[in-house]
Amino acid sequence: MSDVLTELGNILEQRKEASSETSYVASLHEKGLNKILEKVGEETIEVVIAAKDAQASGYNQDLIYETADLWFHSLVMLSHVGERPEAVLNELARRFDLSGLEEKASRKSE
């Protein structure tokens, strides 16, 4: 799975340099961080709605689709500020030996 994220990270970096007329990612970068954050926010709302619908219907495909959109736009956001997907994977790996409560408590002291 991390291969998919690594490859997507490579593609996102390449698309930063592409023409905004031919690349959706390039057009987001050209519009700037606020536009990218707007898309992350929109996708977040769509995930919440899809999750509620999935729970009620038992049909998860829309939730999977919307979560993919949210992840994608989150990766565009990371790319825009100079980070790669591996940074998030490394952070998740760091948390493996921590309980969620311990990890949350550690953030309060920072």
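This is a predicted model: local features need pLDDT of at least 70, side-chain atom pairs count only at pLDDT 80 or more; totals for chains, interfaces and linings use all residues.
Is arginine 95 buried, partly exposed or exposed, and what is its relative accessible area? I looked that up to start: arginine 95 comes out partly exposed, with a relative accessible area of 31%.

**Salt bridge count.** I went through the charged pairs next. The structure holds 6 salt bridges. I wrote up some of them below.

**Around Glu91.** I found glutamate 91 in a salt bridge with arginine 95, where the closest N and O atoms sit 2.9 Å apart. Glutamate 91 also forms a salt bridge with arginine 94, and there the closest N and O atoms are 2.7 Å apart. I put these together as a network of salt bridges linking Glu91, Arg94 and Arg95.

On accessibility, I have glutamate 91 as partly exposed at 27%. Arginine 94 is partly exposed too, at 44%.

**Lys39 and Glu42.** I moved on to helix H3. Lysine 39 forms a salt bridge with glutamate 42, with 3.1 Å between the closest N and O atoms. Where do lysine 39 and glutamate 42 sit relative to each other in helix H3? They are 3 residues apart in H3 (residues 33–57), so about one helical turn separates them.

Lysine 39 is buried, because its relative accessible area of 17% falls under the 20% cut-off. Glutamate 42, in contrast, is partly exposed at 32%.

Methods: Residues are numbered from 1 along each chain as its sequence is written. Side-chain values use heavy atoms; hydrogens and water are left out. A salt bridge is a side-chain nitrogen of Lys or Arg within 4 Å of a carboxyl oxygen of Asp or Glu. Helices (H or I, at least four residues) and strands (E, at least two) are DSSP runs, numbered from the N terminus. Buried means under 20% relative accessible area, exposed over 50%, partly exposed in between (1.4 Å probe, protein chains only).
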